[in-house]
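Dear colleague,

Please find the structure below, handed over for your study.

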Amino acid sequence: MLPLEELKSVIQELLPGVPLDLEAGSLLVSSKDLITVCRCLKNTERFSLDYLANLTVVDYPPERMEVIYHFYSMLKKHGPVALKVKVEREKPSVPSVTPLWRGAEFQEREAYDLFGVVFEGHPDLRRILMWEGFKGHPMRKDYIVEDQDAVETLSP
Amino acid sequence: MSTAGELLEVSLGPQHPSTHGVFRMNAVLDGETIVKLKPVMGYLHRNHEQIGEGITYIGSFPFTDRLDYFSAMSNNFGLAIAIEKLGGITASERGEYLRIIMAELTRLVNHTAVTGFLLNDMGAFGTPLLYAFREREKILDLFEAASGSRMMCNYVRPGGVRQDVPEDWLKQAKEIVDHYPHFLDEFEKLLTENEIIRQRAQNVGVLSKELAVNASITGPMLRASGVDYDIRKVDGYSLYPRFSFRVPLGSVGDVYDRYYIRILEMRQSVKILQQALKDIPEGPAISPKGAAMGKAPRTFRPAKNEAYGRIEAPKGELGFYLVSDGSPQPYRYHVRAPSFVNLTVLEDLCIGHKVADAIIILGSIDIVLGEVDR
């Protein structure tokens, strides 16, 4: 696979007018350009990133959350390319990549369930690990575990 | 009274032997044919990731044993690879050999057991499963001798393995590994050409190449659909490039292919094991950096960085995504579990088939709920 710097300039050639950044080994895109960039990574013959290996969220209170994608190519056997989208923590929302990669379906549901990130356009965005009617998103850094001191109370 | 065209909703599980744990499938049936099927999971959810963010890097190892509890050694290995990537740790050569030996033994254990369970799901109660478990026991004995535990091994560490194997262990392992092809021959004689299994499994739950890639399917399930993608070959992590082995591929992508690909993979694992057991060098089982980390876990403070490490676990790509903020605990600890992602296509595979087929399709995907629910 291309080094990240080159990858960035190649994408910028293909998609003029789409701002791209580099950060800690990953490509940074804005949430409104996400689908354009993803389509380019998937469909450009040179990249052929046909395999979305991993999708997850990192919470940085108080302002932002980051959605991170790791892509590989099964066809060309290269990768990974890490893609990051920064979202506002108040109302986190990104477009869903499930229409492009079915493999995102459950992973996006998990991210929605545990972090509360809304994936616009997901065909079936429901909680997946927690039960329906559960309040809050347990992987957020400020989530308060209900029975945090249950252990202390139990031990004399 | 006519009931034609009426749909029936059936909840399969969560307490049912065929779901391999607490897993539920909400199926909508037209007669006996499935028209819709939604998997319901999370009954075993304990927020493994949150626990991992509250303890040191090395503290997570015993918890990873409980992800896919059939393949504890592989889970340890995956996390070790990710931590090594994050902290720039290299492993000792003997350590690498031992890890590969353990990972491949785990693959034998997993594939043997899942084949036995699959046959159970098909209605061959007991016999194939017990044949499989008889062999599995022998390898579990090896695990116990090396790590002190049969299933919750907690053995592999960044930089190598926790302790060297006892004397004579390699000899015993060699005996078991050398015997394994005989067991596989016997197993195959019973199953591979079996008319009932062919009738039951061929052309059931066919997964196309395109969907397999698009839905991020990995492991034997992907290769049964004919996609040549094995992380041991692609990434060449650890010392895998040193060993000669082939990646078996299926052609149809049905339940039968998924059964047979596992048999073929076990034969390749035996090949790797024989080479590793022959070539394993003397030396320390863990590198100095890894050993220091084991002695004083809180001194391991990787610089602000992130890493995604992955291995070819028996069920597919097991990935660990770690973000460090410079403290002794990971800021973010994420597990990319193969059986969780592989379940994405369960509905696609089941639609149009009978209820009994859904059971064996689920069995052929090979899930462990400890890993699905985390």
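**Strands and a helix in chain A**

In this predicted model, strands S2(A) and S5(A) run parallel and are paired through three bridges. Within this pair, Val29(A) has Val85(A) of S5(A) as its bridge partner.

S2(A) also pairs with strand S1 of chain A (residues 21-23), here in the antiparallel sense and again over three bridges. Glu23(A) stands opposite Ser26(A) of S2(A). Two residues lie between the strands of this hairpin, and Ala24(A) takes a positive phi near 45 degrees.

In a regular strand, side chains alternate between the two faces of the sheet. In S2(A), Ser26(A) and Leu28(A) point one way, while Leu27(A) and Val29(A) point the other way; all are buried.

Helix H2 of chain A (residues 34-43) has buried residues at Leu34(A), Val37(A), Cys38(A), Cys40(A) and Leu41(A). Their arc around the axis is only 160 degrees, so they lie on the same side of H2(A). The buried residues of H2(A) pack against helix H1 (4-14) and strands S2 (26-29), S4 (64-73), S5 (78-88) and S6 (93-95) of chain A.

**The sheet in chain B**

Chain B holds an open sheet of three strands in the order S1-S4-S5, with antiparallel pairing. Strands S1 (7-12) and S5 (33-40) of chain B each have a single partner strand and therefore stand at the edges, with one side left without a neighbour in the sheet. From one strand to the next, the twist averages 20 degrees. S1(B) is joined to S4(B) (residues 24-30) by six bridges, and Glu9(B) has Val28(B) of S4(B) as its bridge partner.

Yours sincerely

Definitions and conventions. Residues are numbered from 1 along each chain as its sequence is written. Chains are lettered from A and ligands numbered from 1 in the order in which they are written. This is a predicted model: local features need pLDDT of at least 70, side-chain atom pairs count only at pLDDT 80 or more; totals for chains, interfaces and linings use all residues. Side-chain values use heavy atoms; hydrogens and water are left out. Two strands pair if DSSP finds at least two bridges between them. Helices (H or I, at least four residues) and strands (E, at least two) are DSSP runs, numbered from the N terminus. Axes are lines fitted to C-alpha atoms, for helices over the stretch in contact, and angles run from 0 to 180 degrees between N-to-C directions. Buried means under 20% relative accessible area, exposed over 50%, partly exposed in between (1.4 Å probe, protein chains only). The arc is that of the directions from the helix axis to the C-beta atoms. Contact means heavy atoms within 4.5 Å.
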